[in-house]
Every structure is written in C-alpha cells, then in structure tokens.
Amino acid sequence: MCADARERPRGAHGRAPDVFRRGGWVPMREYDDRDAVDFAIVGTGAGGATLACRLAELGFRVVAFDAGAWWRPLEEFASDEEHQAKLYWTDDRLCDGADPVRLGSNNSGKAVGGSTVHFAMVSLRFRPEWFKARSQLGYGADWPLDWREMWRYYARVERALRIAGPVRYPWGPHRGRYPYRAHELNEAALVLARGAEALGIRWTPTPLATLSAPRGPAHPCVYRGFCVSGCATNAKQSALVTWIPRALAAGAEIRDLAMVGRVAVDGADRATGVEYLREGRWRFQRARNVVVAGYAVETPRLLLLSATGRHPQGLANSSGLLGRYFTVHANQAVWGTMDDEIRSYKGPPSLAITEHWNYADEGKDFFGGYCYMSQGPLPVVWAVTQGGRGLWGKPLRAEMQKYNHQAGLKIVGETLPQADNRVTLADTKDAYGLPVARVTHAYCDNDRRLIAHSMDFMSRALAAAGARDLWRETDDTCHMAGTARMGDDPHCSVVDADCRSWDIRNLWICDGSVFPTVGGVNPSLTIQALALRTADRIAALAGRGEL
Amino acid sequence: MSADTRYRGYDVLDKRDTPSWDAVTRAVIDERLTAADHLPQVATGAAWRVLRALCTCIVPQPADRPAVPLAALLDRRLAANRGDGFRDARLPPLREAWRIGLDALDAESRHGHGRGFADLDDEARIDLLHRVQHGACADPAWRGMPPALFFSHRVLPDLLSAYYAHPQAWSEIGFGGPANPRGYVRMVANRRDPWEPVEARPGEEARAYRENRRVR
Ligand SMILES: Cc1cc2nc3c(=O)[nH]c(=O)nc-3n(C[C@H](O)[C@H](O)[C@H](O)COP(=O)(O)OP(=O)(O)OC[C@H]3O[C@@H](n4cnc5c(N)ncnc54)[C@H](O)[C@@H]3O)c2cc1C
Ligand code: SF4
C-alpha cells in the first residue's frame, strides 16, 4: 500500500493519481496562487467535479479544492465497512431540533469525488411537475427552471456516466433507453418486484451509475455489494473516476487535502479568491469567480464563515435565507424475514425500485412523493439498524442470525422545505480552528403523513411478497438540500437559475444546496444536470461579456 | 464456530488467500485481528472493568470459542478519536461521553446495589441497563448527559458496529465477507456461490458443517 492519502497531497508537482492504473499518474496543469484563475471551485463532488470538468472543457482556467483525500480505488478501497469510513465527512457537526438528523456515513463524504465516492449510485430524474411544485402541485416552491431543459441535461449526464437501466422506464414522459443494459436483479430486488405486482403497481430495475458492460479501462460491476463503502473495481461511475479524470485532461487543477476556510470579497461586492489550508499553511488563491460546491451543510457554513463588515450575515445572504430550508429525504424502511435465503449483500444495494407514489396523486393525504427500493445492508449497518430498534443482548443475537433471510423496502421520501430547518454556526471549533455547523431539523405534519403512508404501503407489499415478522425502521434520513435555494426573486432565494448569487455576481453555488424542493428521488443526477447547465450558462454569459 | 449459529464450520478467514480478498482488505483485517493484544488507553482502570462487563451484556458471546475483544475494539476507536461526523447536541464529544457514561453506570450500580457494575451478576446488570435505556436513572454522575441518549447514540451503535466489523461475527451470521475482486455470481433465492457459507437446515447440520469447512 502506498503512503496514506490523508498525509500528503497527491495532486501536486504537475501530476495527479491515475485512478485507473495501480501506482499510475497523469499530468496535471498547475496554477500559481497569485494567478487570478477564471474559477476557483470549492468541493469536487457531484456538483463541483462536474462543473470543473465542463468549465475546463469549455476553455476556462479552473482550480478545484477538496478538503478530502485523493484515493486510488483499485489499491486503497478495502472490502470493509469500518475501514472505509475514511471516505466520510467525520469532522464534528452538531445536530439538534425536534428530529435531529444523523449525518456522517449515510449523508456526506470528504474526498476528491465528494459523496459520490461512497454513494449508492441510484440515478433518477425528477418528475417534471416538481420543478413547479408550488404552482402545479400546491406545495413547496417553484424552481426557476423548465423541466424540458432539465430533461435534456439529464440525458447528457446519463450518457456521460453510462447509466445502466431499463429499455423503457415506466413513469413520466418518454425518455429513451438507458445507455447500458439494466443490471441483473438479486433476490432482494425480486422481493420488491413480487410485492409490487401483488399490489398492482409497476416496478423496474433501478437506473444505476455502475457499469453493466466494460468501459475503457473499467470493467463491469462484480456484484460485491460494498458500494456504500466505496467501489474497488471502478465500476461505480463516481465523480472520482468520471468527471475528475476528464477535468484533468482538459487542464483543470485539482487540489486535494485543501480546506477552504473563507471566500474573500472586495468593497465592490466581488469575490476575489479563496483562503485555504493545505500542508499546514493558510494560502490565498486569486480567482475571477468563486464557486462553492461543498454540499448542503458545508456550503452555507463556508459562506457564513466568510462574513465581512459589509456582509455581516455571511456572503450571499441579503435574503436571510442562507442556511435555511435545510431539507432531507425521509429514509424509513419496513423489514421482514423471508423463508428463502435472500443474501441481500450480493450486488448493488438497490437493484429494484418503484416510483409509483411519485407519479400517482390519487389516494394521498399528503403533499409530495416517495419512491422505495430494495435494500442490501452489510453487517455493520444492519447491526446498527437493530440497535436503532433498541435491540441488544440475546434478542439482538437472535435477530442477527436471520441476516441472510431479511428483506426490506426503504423510501426516499420528499420532506417539505421549512425555513426553521437550518444550518448555523456553533461555538465549537473543528480541527482547522473553524466553528462547526449546527444542523437543526424537525419533521412537519405533512412529512409524518407521507412517512406513515409509505410504511403502511410497504408493509402490505412486503407481506404480499411473503415476508413475516415485519417491523419498521422509523428514524433514518438521507441526502441534504435547500440551504442556498435558487429562485427568480432575490428576496426569496440565494441564487438565480444559473446558480449565481444575487448579491455577489461572481460567486456561484453548484451543489445540492440550491434545490428549492427535493422531490421523492435521490439527488445526484439532478445536481450533475444542474452543473452541466450552469457550465453552459457561464459560457453563454462569458460570450456576451456578462460574467 | 459455536452452537448458536446456523453456519457451523464456516470461517470467513479461510477465504483470506482466495480471489475474494485483495491486498488492502487483508492488511485492514489483519490489523483488526490484533485488537486482542490491545492494552486499554482511554477506558482504563475502573472504566475498563465497567466497559468489559457492559460488552458482555450488549453482545453476549458463546463460551465455546475465543471471544471477539469488543472492549479493546472500542477502546482503540476511542484512542483514535474516530467520530461519526455528527453529534446530537445534547451529548458531549465521543470520548467524554464514554468516560461519563462508564463512570455513571458504575455510580448507578453502587447506588442501587452497593457494588460496582462489573461485580453485579448478569441479571442485575441487564436490569440496570434497561433502566438506562429507558432513561429511568438520575445519578449526578451523568453530569447532565441524558442516559437514554447515551445508550441509543453511543452504547448501541458503537458496540454493535465494532462487533459486527469483526470477521468472527461475519462467520456467525453467514455473511460472505470481503468480495473483491471475485464478487458474486448467483444472486437469486437459495442459491450460493461455492465461496459463500451454507446455512444448516434442520436435520442437515452435519452436511452443512462439512461443506462449510470447504468454503474458499
Ligand atoms: C451513503 C450515501 C449514499 C448515497 N446514495 C445516493 C444515490 O444512490 N443516488 C443519489 O443520487 N445520491 C446519493 N447520495 C447523495 C449524493 O451522493 C449527494 O447528494 C451528492 O454527492 C451531493 O453532491 P454535492 O456536490 O452537493 O456534494 P458532495 O458530493 O458531498 O461533495 C462536496 C465536497 O466538498 C468538499 N468540501 C466541503 N466543504 C469544503 C471546504 N470548505 N473546502 C474544501 N472542500 C470542501 C467535501 O470534502 C466533498 O468532497 C448518497 C449519499 C451518501 C452519503
Ligand atoms: S457491487 Fe458493483 S458497484 Fe458496488 S462496489 Fe461492487 S463492483 Fe462496485
């Protein structure tokens, strides 16, 4: 094994790790701190990496920063849940409110590639109406975007990531077939299929960002099942093995182990660059534009930390909404025991899905929607889930003996954006000496109704598929969004449709935090589609001299 | 493997040198197996005895095999100060929560029984832990930390995640374990790859045992 990726930066001296070859390197262009680059991008996850790639390809001079390490998956990703915690954002964050969220492993990453390095690869489009949730469905807020345009960008991301999915997707407007064939189903997925068919709703193999056929140096998924611990085969189409290599080839510089602590602005309300800590030293990168892409907790935190005399409430916060509308997905599940051996540890965890309750509006006593998917928890996650039910001692051991017979259905459920769910700064400081984020969260009654509906429905589906001894996992959440929402009114949003801050026109936000609503699907495809759109818009604005 | 498993004869470590394990996984697991020799660094002295007693209650282990050194695994984590990336604002940081919690368990025990937690019998320990789990205790030694929250947010997740990260636990529950580069092929119900464990169906224990001894 090579020296720890967390000790010394790897993106340096004109080269960067080649993630496709053991011990290999690729050349990397480098920029001087004093050289005002076109774009300094903070964060290299779904939003930051995609944008860095496209901006570089469009000819801009780009430096992207990530606080995390630059891993070599082929050599450094163990098949082990505990060890791979090295991919998570494990710096402290405080959680409070009536329903405090559990961040960490299931919520955010700290690595070149961001959370996509250990995400579950589920790649879904928004239902078209969600972009106008307020005016068409009566809740939440409208996006300042047209769904048809977003669908064109979705198709581009799907092609770029060789999404493996069905020939015909059962819900929503026609979308053409997915670039790569759908993956084979494991038994956990077939349980979902049987339940759905028994209840008369449709289901489909999940569109996944993992290869079902070779792609260049990467071979197809081997169904080892450790996806949320990081993929050691490079089948997973994370930003680390897709957008980042492309960004490098197009001349972007990526700085790993580089924690940005402040975005600097001048007296004319223009961002001038970023202060960042690398190799024990605070430095300053000059830039003509700054993009913050740290995900829905770190993005508002950084902008709050960057407050100045002229911007006492933090940057881009004249609306007072920065940090507000922190919105998660409900992530409740129903579990049961099957007579058959299921062994759901084989294959990607969520091979089958139904979006029925995203597209059906009849029979709901709540706003919003949810999908649910089959599950494949590995032992540590499974044991902690049992602990969440309050089990320990002999009852726990007895339950754990049923590991290979369990099957479950889990939602990604839309919660409503609420102004009082928010990210603020706490008094406690982190290892960099910066105040940590405080994340305040409570469900509203609508959220509880949605959750109750989903659990009743999934219980029926699971029972119909033959499961016994059903029980409910009631308190999980996943994904985060909303803390720098986009809109078309500067008083009611932080950025405009181009992800450009209303207050500081050369400051952009390109990550999950710009979502005004979250819909009932996982966010990464939408984040990447937005990043592609933002890149095109930036090029168009630059062409008109409007940057 | 012991009698309380359906997978007698299966030892995931037998696959260590097969195509199911890569070099980095071998290194990581080899290192984990050295926990048995770990000397306590954070939970020391009285706290160490409390922690060991607590571990036997949370994950009771069969007597017919060497125990997973659960207390040592936790203490190693505390020594490395490996947090989760979030903390319920009502709880102090990782190490402090454990220090207070172990101390408070002992105090509760002395208060109720006149003896330390480690000196209680199983029944009394379990009884006390149920009270902690349900927040039905109030010794000043908790120093404002809600006992039920300590139990649900530290004791259970920390100990269960440490135990089920140990290969012996994987063998016990019939988990295939590490699987790179070989992965899996047979994905549907009641099918297994030859490198996965066999579950003993009633009456077929001997056959399952024999096959499990051959799982590579
Ligand atoms: C376990 C798990 C499973 C998931 N499964 C799915 C799924 O199946 N499908 C799906 O669509 N989504 C999934 N998600 C969610 C998805 O991964 C995220 O929504 C997405 O990656 C967010 O993109 P982002 O660009 O906003 O942030 P991220 O991808 O999290 O990237 C942010 C990056 O910014 C860096 N950063 C933050 N602050 C700073 C700073 N101040 N200085 C320097 N760097 C900084 C971080 O280190 C991080 O690398 C999953 C997430 C997790 C954790
Ligand atoms: S199951 Fe496939 S995508 Fe998941 S970690 Fe294994 S090879 Fe990668």
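In this predicted model, helix α4 (residues 94–113) of chain B packs against helix α6 (residues 147–163) of chain B at an angle of about 105 degrees, and their axes lie 11 Å apart. Because angles from 65 to 115 degrees count as roughly perpendicular, α4(B) and α6(B) are therefore roughly perpendicular to each other.

**Helix contact in chain B**
- On the side of α4(B), the contact is made by Leu94(B), Ala97(B), Trp98(B), Gly101(B) and Leu102(B), which meet Phe150(B), Arg154(B), Val155(B), Asp158(B) and Leu159(B) in α6(B).
- By class, the residues of this contact between α4(B) and α6(B) comprise seven nonpolar, one polar and two charged.

- The largest cavity is the space taken by ligand 2.
- The residues around ligand 2 are Met121(A), Thr210(A), Cys221(A), Val222(A), Tyr223(A), Arg224(A), Gly225(A), Phe226(A), Cys227(A), Cys231(A), Thr233(A) and Pro348(A).
- Sorted by class, the shell around ligand 2 consists of eight nonpolar residues, three polar residues and one charged residue.

**Backbone features**
- Most residues other than glycine have a negative phi, and most peptide bonds are trans.
- Asn180(B) and Pro181(B) are joined by a cis peptide bond, with omega about 10 degrees, and Pro181(B) is placed in the loop between α7 (167–173) and α8 (205–214) of chain B.
- Leu257(A), a residue other than glycine, has a positive phi near 45 degrees, and Leu257(A) is found in the loop between β9 (253–255) and β10 (259–265) of chain A.

Definitions and conventions. Residues numbered from 1 in each chain as written. Chains lettered and ligands numbered in written order. Predicted model: local features only at pLDDT ≥ 70, side-chain atom pairs only at ≥ 80, totals over all residues. Heavy atoms only, no water. Near = heavy atom within 4 Å. 1 Å grid on protein atoms, 1.4 Å probe; cavity = no way out; pocket = protein on both sides within 12 Å on 5 of 7 lines; lining within 4 Å. Sits in = over half its atoms within 2 Å of the grid points. Nonpolar A, V, L, I, M, F, W, Y, C, P; charged D, E, K, R; others polar. Axes fitted to C-alpha atoms, helices over the stretch in contact; angles between N-to-C directions. Helix = DSSP H or I, 4+ residues; strand = E, 2+ residues; numbered from the N terminus. Parallel < 35°, antiparallel > 145°, perpendicular 65-115°, else oblique. Contact = heavy atoms within 4.5 Å.
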